[in-house]
Amino acid sequence: MVLPIWFTAVVLANAPTGPPVETPEEMSGQWGINRHTDPAPLVSMEVVADVASAGPDQTFLLGVHLSIAKGWHIYWESPGDSGSPTIVDVQAPHGWTVGPTQYPRPTRFTAKQSVTWGYESEVVLLVEVTSPPAALDPPQFTPASFDVFATWLVCKDVCHMGDAQKVCTVEMVGTVTSSLQRFARWQSRIPRPIADLPGAVVTVTEGLVTLTGTIDDADQATFIPLATPGVQIAPADSTGADDQLAMTIPFTADEDNALGGDLRLRGLLAIGNDPQGPSWEINVELPRSGDTQP
Amino acid sequence: MTPLSTILTTTSAALLAGALTIAAPAPAPVAKLSVGAPAPAFSLTDTAGKTHTLKEYEGKIVVLEWFNPGCPWCRAVYDNNAVQEMLTSMKVGQKDAEVVYLAVNSTANAPKERVIAESIEAMKKNKVDTVPVLIDYDGAVGKSYGAKTTPHMYVIDSSGVLRYQGAFGPQEDYGKRQRGRRSRGGDSNGSPSGGAKAANWVLTAVQQIQSGEKVAPNDTQPWGCGVKYAD
């Protein structure tokens, strides 16, 4: 049987680099109880590009595919009451640009005293990369290698820390190539900008962000908060009738805790509880004391 | 044949028990404590059998670390010497020390004896003998403080007022330190290769209290494993 070229390329591209992987016990740092003794990893990582090859000044996606053992979960960029975010770090060749990690809409997990957000079974985190113009990359057909490092906290009723490092290599050619559409399912779960919601209006008044807009199933709208320094978000309240949404999100803001950055209220407007459902990201700057307008 | 009265009594009792079972409330979420409020009093016994109360430390700055030896993030802050360096900077354990550092273990997903034994083993392994581990098996103190993660840090001033709560420092700093131990060598994307110091908001808070400054930041998002409360 002849294997497809792309399959072979994926296998070769995901050859591990660096020192040998530590045992799960060493990786997890467990001192005694709850030691993970099963040699199978709780999370495994593969990295695949969305193109078979790429040309100059081309943007495409790298997909960081994390497979999670049954019953366990890892965390969204904003874990919630506990946990720690899954972090992806991509090192690209000179002249390339690397975008921020794109996280699909998360699943909600509830435990005795907490609500957390993350992923179970599998997730593909997406990173957009852009090649330099041809003039900056002579010889322009040098294969591009991306060194991808990811860290996570994987939990069930106990937790283990983990990480992985993989290299993904993409052949370079002289012309821009087409996307292979490998990540369509996961791209559909990436929250869209709130500006894409018809008629969306976001207003900020003292202690309250208000969102209105037109949306199917407005009565199933919820808000998934994304923690930002200096901003505490209280449970949102929403009403939805005839596809007209009105949501209010109470907050308190403290500049002393902004860690030198802007005060921002961030989160996802989500429809229903299914993480496959639509979502939009709200990201609004909040006024500092003394500001006359947002 | 069973008398009707017995049948009715038994049935009523069963229905009542069922109703009570259905009506049993879910555990209340852990409420967050406000910075600037008096820190809740506590009286807890450590792994050596000594009782510690917040009141006995009046006049000192008290640092509380919610702790679980089974949590890899708790291990990380000790493996990276973050706690040990902080204890040294704060002169914990020295004569006339102004700062007291206490670890609190509210873990209840194992028998209490095992929780105690694991705590002792952990502190011995990390050569930290100046930090008592207070056992909060029923979780009452943890819930009174709103502790959600391990680690979750609190700094209480000498008047018993909560002045800081949250994380040790930026989680990405501590994550980078962990990455540095496994890196191929050299920096990557500016990450420290195991040598640079991570920001420590707890130490900063203690120093600001000691110098009479405003504590900033005073309330940060804690990271780590969820506290394994009994209910």
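Disulfides, strands and a buried helix in a predicted model

A disulfide joins A:Cys155 to A:Cys159, with 2.1 Å from S to S. The model is a predicted one, and this link is one of two disulfides that the structure holds over all chains. A disulfide is a covalent bond between the sulfur atoms of two cysteines. In the chain A pair, the angle about the S-S bond is 110 degrees and the link is right-handed. A:Cys155 counts as buried because its relative accessibility is 2%, and A:Cys159, at 4%, counts as buried too. Another cysteine of this chain, A:Cys168, is also buried, at 3% relative accessibility.

The other disulfide lies in chain B, where B:Cys71 is joined to B:Cys225 with an S to S distance of 2.2 Å. The torsion about its S-S bond is about 85 degrees, so this disulfide is right-handed. The pair links distant parts of the chain, 154 residues apart: B:Cys71 sits in the loop between β3 (61-66) and α2 (72-79), and B:Cys225 belongs to strand β9 (residues 225-226). Are these two cysteines buried or exposed? B:Cys71 is buried, because its relative accessibility is 0%, and B:Cys225 is buried at 1%.

B:Cys74 needs a separate look. Its closest cysteine sulfur is that of B:Cys71, and the separation of 4.4 Å is too far for a bond. B:Cys74 is itself buried, with a relative accessible area of 0%.

B:Cys74 is also one of the buried residues of helix α2(B). Seven of the eight residues of this helix are buried, so α2(B) is largely enclosed by the rest of the structure. The buried set consists of B:Pro72, B:Trp73, B:Cys74, B:Arg75, B:Ala76, B:Val77 and B:Tyr78. After the helix comes B:Asn81, which has a positive phi near 65 degrees.

Strand β4 of chain B (residues 99-105) is another enclosed element. Seven of its seven residues are buried, so the strand is largely enclosed by the rest of the structure. In a regular strand the side chains alternate between the two faces of the sheet. In β4(B), B:Val99, B:Tyr101, B:Ala103 and B:Asn105 point one way, while B:Val100, B:Leu102 and B:Val104 point the other way, and all are buried.

Which strands pair with β4(B)? β3(B) runs parallel to β4(B) and is joined to it by six bridges. In this pairing B:Leu64 stands opposite B:Leu102. Strand β5 of chain B (residues 133-135) also runs parallel to β4(B), through three bridges. Here B:Val104 is placed opposite B:Leu134.

Some totals describe chain B as a whole. Its secondary structure consists of seven helices and nine strands. Of its 231 residues, 51% count as buried. Its accessible surface comes to about 10700 Å², and 56% of that belongs to carbon and sulfur atoms. Among contacts between residues at least 6 apart in sequence, 76% join residues at least 24 apart.

Chain A has an open sheet of four strands in the order β1-β3-β9-β6, with antiparallel pairing. Its edge strands are β1 (43-49) and β6 (97-102), each of which pairs on one side only. Direction ignored, neighbouring strands of this sheet are turned by 20 degrees against each other on average. Strands of a sheet pair through backbone hydrogen bonds, either parallel or antiparallel. Between β1(A) and strand β3 of chain A (residues 59-68), which run antiparallel, there are seven bridges. A:Met45 stands opposite A:Leu66 in this pair.

Confidence remains to be considered. Chain A has a mean pLDDT of 86, and 83% of its residues reach 70 or more. Over residues 15-35 of chain A, however, the pLDDT is below 50, although this stretch has 53 contacts in the model beyond near neighbours in sequence. The pLDDT also stays under 50 over residues 5-13 of chain A, for which the model has six contacts beyond four places in sequence. Where pLDDT is low, the predicted coordinates should not be read in detail.

Terms used. Residues numbered from 1 in each chain as written. Chains lettered and ligands numbered in written order. Predicted model: local features only at pLDDT ≥ 70, side-chain atom pairs only at ≥ 80, totals over all residues. Heavy atoms only, no water. Helix = DSSP H or I, 4+ residues; strand = E, 2+ residues; numbered from the N terminus. Buried < 20%, exposed > 50% of the residue type's maximum accessible area, 1.4 Å probe, protein only. Contact = heavy atoms within 4.5 Å. Areas by Shrake-Rupley, 256 points an atom, 1.4 Å probe, with all protein chains shown as cover. pLDDT = per-residue confidence, 0-100. Disulfide = S-S within 2.5 Å. Pairing = 2+ DSSP bridges. Axes fitted to C-alpha atoms, helices over the stretch in contact; angles between N-to-C directions.
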